[in-house]
Amino acid sequence: MAQQENKIPLSKKNKREISPFIGHELLYDYLTGTLDHERRSAVEDHVKFSRDAQLDLGKIENGQKYAERLADTRVSEPIISQINAPSSYLTVLMQKSNFDKWPQGLKWGLEALVVVGVIVTLLSVTPWQKVMQLGNLTGSKEVILAEVSKTETATVVQETPEFVDEGAKEAVPPVAEKTPDKPAAATPAPAAPTTPTPAAPAAVAAKQDKPAETAPAAASGGFLYRGEIVATNIESVGPKVTDKIMELGGRKAGSVELGWKKTPTSMYYHFTIPEAKYQDLLNYLGTYGKTKFSKEKHPRVMPDGIIRLIFTLDESKKVKTLRKKPKRSLRTILIIWFVLFSVVPLAFVTGYSMIKYEKAIDHELSQRLSGNAREVELILADLLTSIQQKRDRYVRDPSLVYHMAEGDSGTIRNISSQWIKTDNISSLTFFNREGRMLASVFKDEKENVRSFVPVQDAVFLSAKYMAQVKDQREISLAEFGDKQKVNLILISKITGAGGRVVGYMEQVMDLNKTFVGKIKSRLKLELIFFSDNGQAVVASHPDFYLYKKDFFRPYFRPGAEPFFDLNVRSTPYGFLIYPLNWGITKFYVALGASKSEAKAVLKNVNYAFISVVGAVIVLLVLTILVTSSWVLKPLYELVEALQSFESQEQAVTIPVKNDTEIGLLTESFNEMSKKIWVARSDLRKKITELEAANKELKDTQTKLVHSAKMVSLGQLVAGVAHELNNPIGFIYSNMTHLKEYSERLIELAEVAEKDPPKLPALKEEYEFDYIVKDLPKLVASCQDGARRTRDIVLGLRNFSRLEEAKLQEIDVHQSLDTTLNLLQGEIKNRIEIHRQYEPTPLIHCYASQVNQVFMNILSNAVQAIEGSGHIWISTSALKDYKGSKDKRGWVQVSIQDSGKGMSADVLEKIFDPFFTTKGVGQGTGLGLSISYGIVQNHGGEIQARSEVGVGTEFIVIIPVYPPIQEKNPQPMS
């Protein structure tokens, strides 16, 4: 409330006085009862005689009542969530950028750019080519857009027969689900040669005389291969596919003919085919388009070697994939260039012109207001001159000088009271030579003359002003009070005879609302007078007092623009701040003129500019349409011909319609099309020849691989036969002694049973004691030979593992030892094996293939050693190999020999097929090549390094979990 205390000062009679303008805050305090008695009575007195204060008080009362009702109102959760929801990006952007304060011309320019952008976007995405094509079809009765229509009520080319995709399902009655062991299939009606015949209903089929087919019983049912083929030009492709199916042994299934045209853009195939020909059929279908088949369950079990297929040959999907939109449309490029070189410059010039025109209007208004401000400055100068002239008349009065020297306050008051009645000043005060007030006369708010003579407390003139007046005759200054007025003061010294100072006189003129109103009526402007700190003091319009104290201060900062816009009750005004001087005091005046007429003119100019831009845009649209029809249409025809080139069986040509560069391009395309068609025909012949040569090459390669297998098998059999010969040999030789010993023992047993007395002599004759000692040795020798034979056969079986042709876990150490056992015949008594096995994890692989790799490497190592030598075998586990992301590990196997080694030239070719360093008939050159393929198939790597005279080392690195599919691999060498 301390601020309110300053707003309502005490008068000279210690009574509260209120300003003619009462703020809303003071009225609100009055309604809430927070004012003291004196201020409350002052507010009531003012409201009683002020219509504006009564209206403001009523508004505040209504607002307070509404706030009380609103406090008791509960807002629903959906409304709260809607209020708390963030504003749209566009709204936030407009708020942040102060869009409402932008110049009107800039707003119109931005709106014009937005409209142009929308039109350009529509022109870019609209398929004008198809629209114009539809416009040209004036003679057709019906237009079908197959790409847009999704209904099944398209134009029917022929009568659609009833059919069921799966032949078994069409004949199995609903009760067949309870008795799957005996499905009954009705015989379908035969198809006519030309038009498909609908399948007979189940009830009709049951009455036919033909016996029904009986499918093999199966508890779980069979399988059906279902798929689709996306191709083009099914009119020519469809009959070829039908002929190929018949050629491969296919037979029609179901109730419709093979290759039935289901829709104008698709053909339907339901047939059975030998399983051996299935892959050949897929390869053939793949030459026409993409194939996609899936294996499904089927209630009917087909005979062994026969499979059932259902697929459709679709054309529409391929057409859609061929008609791809270009990454950059020529029409879009033309539109962009037109926009860049026509609309954008025009829009820029339009926006720039609007802004400049608005600035020109503001500049003209600023110049006019500047002239009016100088006129106000002259008015104040005339006022000062008028006050000075009246002062000169007053001080020439001898009675005034006399009474001033005598200090007669009453006489001075009477004389000055008569003067002020005929003067336009508001106050006249006299001081003696010491600066003490003698008398003061002034006019109150009702223009009544009142006087004041200090009785008890003396009132003195400011010493600062007295010092300045002594050096010069007068001093003028201005003071700013709280009663919405500016006090223009002139202090002059009064001298008597001989130039002696007898006193001082103070003349005050109020620059109040009345004075400002007169200037407003004269200049037809709004005025606001500001103090030197930028605070509004007196104004010509009451709304200016409603602004905050510091609202206008930004315009008084150094470097600030003196011209600014301000709306006065929805009317736009332009204000200019102009500095004024009254003696030693500096203050400001803001003059404002209405901009309504200028805004109206600017609006008309904006409309004119927008109309011109709109007309240019319309011309641009027409130009683009004409350009698209005349220039781009031949290009579209060329693009369509290029897209349909692949599906045509003959050369594609386009009629030449003009003699421009586009016509030359069309002729070049026709010539190129003919050459490509000839080249394609030649290419097909070459492909056929290459396929035949490739087949012959594959047969030759198969024979060579088989030959290599035979050579390797012969070497392996030779070694195994040598190893088996020794144990079988001494087993066979021991059989003679065993037979002899068994015969003697049997005879001794018979003699002991029939004639015991002859037994001692016979035992001595047969050397019974020797037999007893030698027989266990013979049996142990035979057991050892049998065990050695069993180990060789078991090792051979473990090496081949033909019964385990799938991924499994194996121990690398066991595989190496098994391979060494098979090569024992070539190693024994000649080569020393050094094993250095480290702990390694089990690897997942095809065991027979990995064993074959070890066999090829070890066999080459044994053959590379002439005479005696050494072979070093080491294994280790690797956690990371060449930055691989597979953290499950790798296994490394190193096989090094002390053979004769290889040169660098030979080392580069050892993995090439059919490369060998052995003599004729000793090797095929496929062993290491096959080993390299096996390791690569397992996701591993094989390395080799060699030095002549030192030896060779092979390093095989295999992942623990190879990235190969679980399938039955093709047998390799």
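Predicted model: local features only at pLDDT ≥ 70, side-chain atom pairs only at ≥ 80, totals over all residues.
Q: Let's start with helices. At what angle do H11 and H12 pack?
A: About 165°. H11 covers residues 234-247, and H12 covers residues 278-286.

Q: And how far apart are their axes?
A: The axes of H11 and H12 are 11 Å apart.

Q: Why give both an angle and a distance?
A: Because two packed helices are described by the angle between their axes and the distance between the axes.

Q: So are H11 and H12 roughly parallel or roughly antiparallel?
A: Roughly antiparallel. Angles over 145 degrees count as that, and the angle here is about 165°.

Q: Is the crossing left-handed or right-handed?
A: H11 passes H12 in a right-handed crossing.

Q: Which residues meet there?
A: From H11, Lys240, Val241, Lys244 and Ile245. From H12, Leu281, Tyr284 and Leu285.

Q: What classes are those residues in the contact of H11 with H12?
A: Five are nonpolar and two are charged. No polar residues take part in that contact.

Q: New topic. How many salt bridges are there?
A: The count comes to 18 salt bridges.

Q: Give me one. What does Arg522 pair with?
A: The side chain of Arg522 meets that of Glu375. The N to O distance in this salt bridge is 3.5 Å.

Q: Where do Arg522 and Glu375 sit in the chain?
A: Arg522 is in helix H18, residues 513-523. Glu375 is in helix H14, residues 330-395.

Q: What about Arg473, which residue does it bridge to?
A: Asp392. The closest N and O atoms of Arg473 and Asp392 are 2.8 Å apart.

Q: Where are Arg473 and Asp392?
A: Arg473 lies in the loop between helix H17 and strand S12. Asp392 is in helix H14. They are 81 residues apart. Arg473 is partly exposed, with a relative accessible area of 45%.

Q: Which residues are linked with Arg473 in a network of salt bridges?
A: Arg391, Asp392 and Glu474.

Q: One more pair. Which residue forms a salt bridge with Asp510?
A: Lys485, with the closest N and O atoms 3.5 Å apart. Asp510 is in strand S14, residues 501-511. Lys485 is in the loop between S12 and strand S13. They are 25 residues apart.

Q: Is Asp510 buried or exposed?
A: Asp510 is buried, with a relative accessible area of 19%. Buried means under 20%. Lys485 counts as partly exposed, at 23%.

Q: Where does Glu506 lie?
A: Glu506 lies in strand S14. Glu506 is buried, with a relative accessible area of 17%.

Q: Which residues is Glu506 in contact with?
A: Leaving aside neighbours within four places in sequence, Glu506 is in contact with Ser427, Leu428, Thr429, Phe431, Ile489, Leu490 and Ile491.

Q: Last one. Where is Ser462?
A: Ser462 is in the loop between strand S11 and H17. Ser462 counts as partly exposed, at 31% relative accessibility.

Q: And what separates the C-alpha atoms of Ser462 and Gly435?
A: A distance of 7.6 Å. Along the chain, Ser462 and Gly435 are 27 residues apart.

How values were computed. Residues numbered from 1 in each chain as written. Heavy atoms only, no water. Axes fitted to C-alpha atoms, helices over the stretch in contact; angles between N-to-C directions. Helix = DSSP H or I, 4+ residues; strand = E, 2+ residues; numbered from the N terminus. Parallel < 35°, antiparallel > 145°, perpendicular 65-115°, else oblique. Left-handed = near helix turned anticlockwise from the far one by under 90°. Contact = heavy atoms within 4.5 Å. Nonpolar A, V, L, I, M, F, W, Y, C, P; charged D, E, K, R; others polar. Salt bridge = Lys/Arg side-chain N within 4 Å of Asp/Glu carboxyl O. Buried < 20%, exposed > 50% of the residue type's maximum accessible area, 1.4 Å probe, protein only.
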